[in-house]
Protein chains: 2
Amino acid sequence: MKDGIMDVPTYEDMLVAHERIKPHVLRTPVRRSAYLDELSGAQLFFKCENFQEPGAFKVRGASNAVFGLNEDRARKGVATHSSGNHASCLSFAAMKRGIPCHVVMPRTAPQAKKDTVRRYGGKITECEPSTSAREAVFAEVQARTGGDFVHPYNDPRVIAGQGTCSKELVEQADGLDLVVAPIGGGGMVSGTCLTLSTLAPETKIIAAEPEQADDAYRSFKAGHIIADDAPDTVADGLKVPLKDLTWHFVSRHVSAIYTASEQEIVDAMKITWKHLRVVMESSSAVPLATILKNPETFKGKRVGVIITGGNVDLDRLPWLT
Amino acid sequence: MKDGIMDVPTYEDMLVAHERIKPHVLRTPVRRSAYLDELSGAQLFFKCENFQEPGAFKVRGASNAVFGLNEDRARKGVATHSSGNHASCLSFAAMKRGIPCHVVMPRTAPQAKKDTVRRYGGKITECEPSTSAREAVFAEVQARTGGDFVHPYNDPRVIAGQGTCSKELVEQADGLDLVVAPIGGGGMVSGTCLTLSTLAPETKIIAAEPEQADDAYRSFKAGHIIADDAPDTVADGLKVPLKDLTWHFVSRHVSAIYTASEQEIVDAMKITWKHLRVVMESSSAVPLATILKNPETFKGKRVGVIITGGNVDLDRLPWLT
């Protein structure tokens, strides 16, 4: 954002991002399953971002932000507030460049999340679990360190980075009729829009969202951003609301937003583990849940599915609780 | 076996097998994890046979046997006795060729295993859960159908097929110092020996076995086959004993057999799910368990690890029971 005018990333920015992050992120494989094809009636191409070393597509946007800093900015490092994959992916990227990463996290965040951030060298400052506390503590940290703020999704560098995922997907699986990605804050979906609207404009983009956190769906219908206060869903990576930059892309390029119930998400998660044999998060199961629920849209089609992440508490699997 | 002389498969047989099965099996990816490299002190290259459609490397040997039959033999189909991955992989290969597959299974086998065989068109004949009952019923089924007997591992076509896995591994990860594979009946290890002894003779082959089913380890030390009666281990794919053909390869080409405890196997399984983010069987965790247990052997080395299968009961994970 500059002077109140949105700094919307361009297709060129995405191409630059891809060259920039290539040495630092994995070109993830696309996997298929005859069983899941049969079940859905579609040809499904799963882009396995859960295979990234820190376990999520967010390493793309984070790496683009970190490696795009000039030397002066880089010395002061980066800063963010997040208790999820963005925090660990930004720490991972900063560690790779050898610069500091400051993360503000609620003190109530799971110990495993804190451990991962620390394993990648991230410096955690804890705050009380409220928005006002987080903002106050973050302002203090940023003022003290001068770290460059990298928002989890509402940042043009982040969106350009996430867009590299569907560039690879199109190279790996041509002629896709549709691409389905989960939507929370809209970073991955915006990156997908950015890339496909130029590279494969005939490919439709579907966003998949939990019924119990359907703020993007309602925003899409209303024509403006509606933010939920505190949605609750098993797909815990998808609770955050759209922001102006992601709304820009979602409102222009997404064909539809489909929703799935909690049970449908858990079922799709388990069936993917069983037949694709990958460990993925519940948030990543929302696309398949919506595909199985809407056969009329997907039948006979070539469909890209973004498996966004694979950081799961293996002691607390949702179909066993 | 022919006239009491072993029909030992050759390197040429493996090359023929690879061409034959290429249209029917997946060239599985090799995956890496910076975390697991750091933990082991080695460079680990995981060959993901769990990604085969029916979930196990056994689809290679089964496909080689099925697609190698001439038309006359093929019409009568194939037959085997197995309650594990061989039964479903042979059914899968037979389904692909459009020929019958007869499987003798103990009536006490898990319903999920029976369901998978039937999903691939396999015809199950149940028997009482004893060796004598199984042999009698199998003799009857074979006499009635004329199906070609494909043993789960003690068959030259099967061993030649399994050998195609390490041919791909060497193409995907060059300069390997060691390859580690789990050992039960020895089909995968024998195929690995067959291939590497010609293609990469400087690469050492380590077999990994559960302490609680260490008949191969004791055979290796004794210099002749020792069969356990009824070993019990979480790595339930590895309970079967060596036979003459697999002993031929194991006794000539394996450098060492390492064992791991039940807890070490379960820990290695969980850590692989968490950091490599793949769903694999407990049997497939034995190699990593032995690698972590014997750092002096593996430190600084380039190590291939065969992830043999991914058919897991997701409702009964061993670290949760």
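**View 1. Helix H5 against strands E3 and E4 of chain A.** In this predicted model, helix H5 (residues 85–97) of chain A lies across E3 and E4 of chain A and runs at about 165 degrees to E4(A). Axes are lines fitted to C-alpha atoms, for helices over the stretch in contact, with angles from 0 to 180 degrees between N-to-C directions, and two residues are in contact if their C-beta atoms, placed from the backbone, lie within 7 Å. Helices (H or I, at least four residues) and strands (E, at least two) are DSSP runs numbered from the N terminus.

**View 2. The open sheet of chain A.** Four strands form an open sheet in the order E5-E4-E3-E6 (chain A), with parallel pairing; strands count as paired if DSSP finds at least two bridges between them. The edge strands, each pairing on one side only, are strand E5 (123–127) and strand E6 (148–149) of chain A. Strand E3 (residues 78–81) of chain A is joined by 4 bridges to strand E4 (residues 101–106) of chain A, the two running parallel, and Ala79(A) stands opposite His102(A) in E4(A).

View 3. Lys204(A) belongs to strand E8 (residues 204–210) of chain A. Leaving aside residues up to four places away in sequence, Lys204(A) touches Asp177(A), Leu178(A) and Ser255(A). The C-alpha atoms of Lys204(A) and Glu140(A), which are 64 residues apart along the chain, are separated by 43 Å.

**View 4. The contact between chains A and B.** Chain A and chain B contribute 17 residues each to the contact. On the side of chain A that touches chain B, helix H12 (residues 262–275) of chain A gives the most, with 3 residues. By class, that side of chain A has 8 nonpolar, 3 polar and 6 charged residues, where Ala, Val, Leu, Ile, Met, Phe, Trp, Tyr, Cys and Pro count as nonpolar, Asp, Glu, Lys and Arg as charged, and the others, Gly among them, as polar.

**Notes to the views.** Residues are numbered from 1 along each chain as its sequence is written, while chains are lettered from A and ligands numbered from 1 in the order in which they are written. Local features need pLDDT of at least 70 and side-chain atom pairs count only at pLDDT 80 or more, whereas totals for chains, interfaces and linings use all residues.
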